[in-house]
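This report goes through a structure by its chains, domains, core and local backbone features. Please keep the sequence and the model at hand while reading.

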Amino acid sequence: MSALREDFKEILRLVRPNTRVLDIGCGEGDLLELLTQEKGVDGQGLEISPSGVAACLAKGIAAVQGDGDRDLDHFPTQAFDYAILSKTLQQMREPRHVLIELMRIADRALVSVPNFGHWRMRWALLTKGRMPETKALPDPWWSTPNIHLCTLRDFTTLCAELGLRIEACAAVSPDQPARSIDPARPIENWRAETALFLLTRERPRPPAPERATTGDLFD
Amino acid sequence: MSQTVLASPAIETNGGTLRLPVDAPLRLDSGATLAPLEIAYKTYGRLNADRSNAVLVCHALTGDQHAASVHPITGKPGWWNRVIGPGLPLDPDRYFIICTNVIGGCMGSTGPSSIDPVTGKPFGLTFPVITIADMVRAQAMLLDALGIETLFAAVGGSMGGMQVLQWAADYPHRLHSAVCIAAAARHSAQNIAFHEVGRQAIMADPDWRGGAYEAHGVRPEKGLAVARMAAHITYLSEAALQRKFGRELQRDGLSWGFDAPDFQVESYLRHQGASFVDRFDANSYLYITRALDYFDLAASHDGVLANAFRRARDVRFCVLSFSSDWLYSTGESRDIVRALNAAGCRASFVEIETDKGHDAIFLEEPVLHSALRGFFESQASRRGLA
């Protein structure tokens, strides 16, 4: 799980202080606890497992037991500054719908996805002819919760289709610090193990008030 | 108006009865007014200097103000002594905990067994029908009298949870946080049906006397006991009943008759019914079950539950349900949470895994207690409580 730590560090860097954050699939609330302590965010978690939510509550993190596939519809529009979906998009029944909902609920989304186009995946598939089992995706095909895996290119294509703007993208791996990348470069589709995206809507879409420029997001 | 009784050596308790004069009537949803009004209550702990640590604990249908102190009739410990007490989620060292007997009740607050000042006799069925909102309005009047403008939290399970929801709808500005356990935003047909069985049992008892039993020096104990027995089944899960009693017999072999209970579960229910009548009034049972049946928070907000919470965006909510509770199931709590989310309120929600049914509110449930502790801790730091 040390991969999550690098993931978290990058999210922590990207989230502006004192904002409203919804973490979908928040587990035991570790990320929200970190964001609350370090950035003073007003956090809310959504988690499917009762034990996860109970752990959140015991830590003082607001969390709702619910299903990202079903329960996002009940959140009002633009209720949050950030919606975070950390490595769970590929576990959703309707990832496309979830992405649309994220961008309705929040102004920005932080989404991390394991890259099925990573060279280790391609190599394992090429040499063994079997579904790859790697550190990032350790489960055999018959028990993996990951039902909608995609490559970096798949994901950027979907973003373009949905009119989502990639404000920032970083490659994250278990033991190395996050590396800012241009997801459009073909090489990254080979070497990024997991990619973390900061997404906003394309400018003309929301009739919402002007947002701050992206500059202060990366200080 | 108050006397100090030590519940346990460590808790400072207080309380008494607030008497509101005739010129300060309680206006009821039915259009009637109630005056003079008495509200019986208990407090645990001390109100702090800036009056920011008050917690209102709301009781369930057959509960009362003795949440954490010995019951004066039964001699049993308070009904929530696993939650309120030193080192527990609601620690009287930190919070000023208030619990009132609801109006319509029979433990000191004005109810059908109170004396009607006009006739000099007990109200009986001339007592006006009350609602959950009326109960809450009376609680707000008590807080006014105690000089408490804002509650740190309103907390309750079952009917207590409904009062909490009503607080959020009617007095959101007087509420910092709200905890609703094993409740619903409205009574379902099944809920109403079970209550109707209980009411009919009471009214079928010849000693009920059209509600005027006190004047005749009798009490409809059999009817009230049956009402309690039927209701008690709804508080337990099938699994809990099976685990506790199964088909175990009271004695060796069957009796081949109807006088003595054959099965342990029969004996248990009879005991529940018999001990209940010692501490509860039959007419109160009619009135409070009526109040519950009338409860439909969405109906009074254009049919949209979220509308009830639109003014409560600054209130932090915690909604809890129990997996084996079939009286107010998890689905009901989920509806509340979705409405809160839709209204833009911050809410926590967890379904607690247990086979103890609705009664789990009052039982040893570590996840319930750690969730409550975590929620109150985080709200206390948000509120700046020491």
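## Basis and domains

The model is predicted. In chain B, the domain assignment gives domain 1 (13-187 + 296-383) and domain 2 (191-290). The C-alpha centres of domain 1 and domain 2 of chain B are 26 Å apart. Their contact involves 27 residues of domain 1 of chain B and 24 residues of domain 2 of chain B. On the side of domain 1 that touches domain 2 of chain B, the classes are 12 nonpolar, 11 polar and four charged residues.

## Contact between the chains

Chain A puts 16 residues into its contact with chain B, and chain B puts in 21 residues. On the chain A side, the elements giving two or more residues are helix H3 (50-59) and strand S3 (63-65) of chain A. Of these, H3(A) gives the most, with six residues. By class, the side of chain A that touches chain B has 11 nonpolar, four polar and one charged residues.

## The nonpolar core

The largest nonpolar core holds 178 residues. Those with the most contacts inside this core are A:Ala83, B:Val55, B:Val57 and B:Ala178. Domain 1 (13-187 + 296-383) and domain 2 (191-290) of chain B each supply at least three residues to the core. As background, nonpolar side chains tend to be buried together in soluble globular proteins.

Which residues are in contact with B:Ala178, leaving aside its neighbours within four places in sequence? They are B:Ala153, B:Ala154, B:Val164, B:Trp167, B:Ala168, B:Val315 and B:Phe317.

## Strand S6 of chain B

Strand S6 (residues 96-100) of chain B is mostly covered, five of its five residues being buried. The cover extends to both faces of S6(B): B:Phe96, B:Ile98 and B:Thr100 are buried on one side, and B:Ile97 and B:Cys99 are buried on the other.

S6(B) pairs with strand S4 (residues 37-44) of chain B in the antiparallel sense, over four bridges. It is also joined by four bridges to strand S5 (residues 54-58) of chain B, and this pair runs parallel. B:Ile97 takes part in both pairings: it is the bridge partner of B:Tyr44, and B:Val55 stands opposite it. B:Val55 is also one of the residues with the most contacts inside the largest nonpolar core.

The buried residues of H1(B) are B:Ile132, B:Ala133, B:Asp134, B:Met135, B:Val136, B:Arg137, B:Ala138 and B:Gln139. Their cover includes strand S2 (26-27), S4, S5, S6, helix H2 (159-170) and H7 of chain B. Just after H1(B), B:Gly147 takes a positive phi of about 75°.

## Backbone details in loops of chain B

Most residues other than glycine have a negative phi, and most peptide bonds are trans. The peptide bond from B:Ala35 to B:Pro36 is cis, with omega near -10°. B:Pro36 is in the loop between strand S3 (33-34) and S4 of chain B.

Is B:Arg51 buried, partly exposed or exposed? B:Arg51 has 14 other C-beta atoms within 10 Å and is therefore partly exposed. This residue is in the loop between S4 and S5 of chain B, and its phi is positive, near 55°. B:Asp302 has a positive phi near 55° and is in the loop between H7 and helix H8 (305-308) of chain B. With 9 C-beta neighbours inside 10 Å, B:Asp302 counts as exposed.

Conventions. Residues are numbered from 1 along each chain as its sequence is written. Chains are lettered from A and ligands numbered from 1 in the order in which they are written. This is a predicted model: local features need pLDDT of at least 70, side-chain atom pairs count only at pLDDT 80 or more; totals for chains, interfaces and linings use all residues. Two residues are in contact if their C-beta atoms, placed from the backbone, lie within 7 Å. Ala, Val, Leu, Ile, Met, Phe, Trp, Tyr, Cys and Pro count as nonpolar, Asp, Glu, Lys and Arg as charged, and the others, Gly among them, as polar. A nonpolar core is a set of buried Ala, Val, Leu, Ile, Met, Phe, Trp, Tyr and Cys residues joined through C-beta atoms within 7 Å. A residue is buried if 20 or more other C-beta atoms lie within 10 Å of its own, exposed if 12 or fewer, and partly exposed in between; C-beta atoms are placed from the backbone. Domain bounds come from an automatic or database domain assignment. Two strands pair if DSSP finds at least two bridges between them.
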